[in-house]
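Here is a briefing on one structure, grouped by topic.

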Amino acid sequence: MAEPKIKLDEVLHVAELARLQLSDDEARQMQAQLDSILGYLAELDELDVSDVEPTFHSIPMDAPLRRDVPVPCSDRSEILAEAPESEAGGFAVPLVLEVDS
Amino acid sequence: MTSFPWQSAFEIREQVISGAMTAVDVTRAYLARAEALNPKLSCFLYLDHEGALAAAAQVDRAREVGEPLGPLAGVPVAIKDNLCTRGVRTTCASKILGNYIPPYDAHVVEALRASGAVIVGKTNLDEFAMGSSNENSAFGNVHNPWNLDRAPGGSSGGSACATAAGLAPLALGSDTGGSVRQPGAFCGITAIKPTYGRVSRYGLIAFASSLDQVGPMARSVREASLLLEVIAGHDERDATSADRELGAYHAACGRGVQGLRVGVVRAQLDQLQDPEVRGAVEAALESLEEQGATLVDVALAHAKHAVSVYYLIAPAEASSNLARFDGIRYGLRVSGEDLADTYARTRGQGFGPEVRRRIMLGTYALSAGYYDAFYLRAQRVRTLIRRDYDAAFESCDVLCTPTTPTPAFALGEKTNDPLEMYLADIFTLPPSLAGLPALSTPCGLAADGLPIGLQIVAPPFEEEKLCGAAQVVEDACGLVTSHPPAFA
C-alpha cells in the first residue's frame, strides 16, 4: 500500500490547530477521507507554476477608505443577548488565568 | 388544491398596484402554500408569518396613501438562511448557530425591504453553504420538486426548490463555487452568480471570502435580472463591494444576441458522458446561432484543475472564517475543562461532518510546511485559469458550457464519497475562481423529466450580456411554462 498522504498523528495535530474535538473513530475516518482528497489534489504538482503570480483577488481593486465619521452601531444588549453567557456588560468566558485573591 | 397560477413577480406586483389583490392576500396565499408543501420538500427552515404579513400590510398602506411602490412591491421572496435577517433566526443550517437571531439585516435584505418585497422565510442549505446536494444540512435535506428522490443541488437547494415548486416567485441564494447555479440547474430555474464585488456581502455569513457572492434565483430570466437590479450596487460596509455603475439588467433581456460572439469549449462538450446534457446544450447553442449569434471555439486549458484549486482555496478561507464560531459570542457553547477544551468541544459537536472536513483540509493547507505546496500553488494555478478566460474573451463576448455534467443525481448517491461530490462541480468552479459573472438557465429536460442547465459566463461586470443571451435561450426552449408536475 502506498504511503498515506496524511498520517493519523498529523490529523490529530491539525484538529488541535483547528480547535476541533474528534473521537478516535472520527479521526480515523477523517484520515481516510483527507488522504483520498489530498491524493486527488496532487494532480496540481504536474504544473510548473514557479513563475506564475498567485491570484488572491480575482477582480483587482484598491483597498477603499471610508470617511472617518462616527455612525451608530448595534445596541450592546442586543449583541450580548446572543452570547451563551454574559456578565457585567461583557462576554463571559471560562477562566483563562489563575489569580490569587 | 386548485391549480396554482404560477404568477411572475411582475404579475404579482401589477395586481397589488392595480388593487386586484392586496399584498396581504398574496402573502397569506404563499404562506399557506408553503406550509402545505414544505413537509414534502423541506425547503424552508423557517416561515416568518408575522414579519411577512407586517411587511405586506405596509405595502398595502403605502398604496392606499398614494406613496410610490417599489419594483418588488408585494412580491414574496425566500432568503437563504446564511443571510442575516434582523430579529429572525439565521442558522446556516448548522447546530452551532441553531438559535442565532441577528441584530441586523444583510445589505441585500435591506435592499429587498426597500423595494417593497415581502420576505416570507428562510431557506434550507448545506451547512455553511458547503455542499452540492443539500444533504449537509443539520436540519434535514431538501428534495428536488421534479423528483423527490433526487437532490435539489446545493448549497442554495432550499431557495432553488422553493422557487421551482412555487413556494415563492423569487429567492436569494449565495454562490461560492456554484451554489446558486448548480441547484438552479437541478431544479429548472434561472440563477445568477454576479461578478465578485457586484453585490455587497454585508450580512452574508462568510464561507470563502475571495469567492462568495449573493445571487438571485427565479423561474424566468427577466425576474432573475430584475432581482439582480434590486440587490446590486455599492455598499461601503463590504470592502470588496465594487463602486461601479449598475447595469440595466432587466432591460438587457430584450436586447437579443445579434452579432454576439458565443465561445464554446468543444473539447469539454465532446467529453461529456451524458448525451442528454450534451444534446440540450447543443440545442441551446443552435438557438443562439439562429438568433444571430456566432459560435466561436475557445479553449480553457486549465479549467480541469479547478476542482483541485477550489478545494484548497475555499476550505483554507473557510477554516479562517469559521474560527469565529467558538462558543463565546454567539451560538452553541459546549463547556469543557478550560477555554481550549470549550472551543474544541463546541466546534467538534456544533459543526457537521462536511464542515469539519473542510476546516481540517483548509487548516492543513495553510499550516506550517504545507502553505507553499498547497495553498500558494493553488493560488498560482488560479492565475492560469483566469488568464485562460482573458484570452477567450478576446475572441468571444460570452462563453457557454453545461452547468452540471448530469441532471440531478439521486439523494444518497454521492454522500459516502466527498471527492466524487466535489468533481460534479467542474463547470461552475472555473468562473468562480476567476471572479466572473455566470448564469444558469434551463435549456432542456432529460427523458426522465429532470431539468438540464446551460451556464453562460461573461467578462467582469458584464452581467447584461448574460441576461440578453439567457433570454434568447429561454424563448427558444420554451421551458419557462414547465413546472414540476407534482406541484402544478
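The largest cavity has a volume of about 120 Å³. Among the 17 residues that line this cavity, G188(B), R219(B), P442(B), L479(B) and V480(B) are the closest to its centre. The model is a predicted one. Its structure holds four cavities of 30 Å³ or more.

**Cavities**

- Two elements of chain B, β10 (438–445) and α17 (463–477), each give at least two residues to the lining of the largest cavity.
- Nine nonpolar, six polar and two charged residues make up the lining of the largest cavity.
- The second largest cavity holds about 90 Å³ of space.
- Lining the second largest cavity are 15 residues, and G131(B), S132(B), G177(B), S179(B) and D425(B) sit nearest its centre.
- The second largest cavity has a lining of four nonpolar, nine polar and two charged residues.

- How much space lies in the largest pocket? The volume is about 960 Å³.
- The largest pocket is lined by 31 residues, with S74(A), Y104(B), Y202(B), G203(B) and R237(B) the closest to its centre.
- By class, the lining of the largest pocket splits into 17 nonpolar, three polar and 11 charged residues.
- In the lining of the second largest pocket, 13 residues are nonpolar, four are polar and two are charged.

**Interface between chain B and chain A: area and contacts**

- Contact between the chains involves 70 residues of chain B and 50 residues of chain A.
- The two chains bury about 5200 Å² between them, and carbon and sulfur atoms account for 66% of that area.
- On the chain B side, M360(B), R377(B) and R380(B) lose the most area to chain A. Together these residues make up 14% of what that side buries.
- Chain B and chain A share 21 residue pairs in polar contact, counting pairs with both residues at pLDDT 80 or more.
- Which elements of chain B give two or more residues to the side that touches chain A? They are α11 (306–321), α12 (339–350), α13 (353–366), α14 (371–395) and α15 (418–423).
- Helix α14(B) supplies the largest share of that side, with 14 residues.
- The side of chain B that touches chain A comprises 36 nonpolar, 18 polar and 16 charged residues.

**Salt bridges**

- Side chains of opposite charge can pair when their charged atoms come close.
- Between chain B and chain A there are four salt bridges.
- In one salt bridge, the side chain of R356(B) meets that of E26(A), at 3.5 Å from N to O.
- Over all chains, the count comes to 25 salt bridges.
- The pair of R356(B) and E26(A) crosses between chains. R356(B) sits in helix α13 of chain B, and E26(A) sits in helix α2 (residues 24–41) of chain A.

**Backbone**

- Most residues other than glycine have a negative phi, and most peptide bonds are trans.
- Is the peptide bond from G154(B) to S155(B) cis or trans? This bond is cis, with omega near 10°.
- S155(B) belongs to the loop between β3 (118–123) and α5 (157–164) of chain B.
- C92(B), a residue other than glycine, has a positive phi, near 55°.
- The loop that holds C92(B) runs between β2 (76–80) and α4 (107–114) of chain B.

Conventions: Residues numbered from 1 in each chain as written. Chains lettered and ligands numbered in written order. Heavy atoms only, no water. 1 Å grid on protein atoms, 1.4 Å probe; cavity = no way out; pocket = protein on both sides within 12 Å on 5 of 7 lines; lining within 4 Å. Points joined across faces, edges and corners; volume = space filled by probe spheres on them. Nonpolar A, V, L, I, M, F, W, Y, C, P; charged D, E, K, R; others polar. Contact = heavy atoms within 4.5 Å. Buried area = accessible area lost by both parts, 1.4 Å probe. Polar contact = N/O pair within 3.5 Å; in protein donor to acceptor, adjacent residues only side chain to side chain. Helix = DSSP H or I, 4+ residues; strand = E, 2+ residues; numbered from the N terminus.
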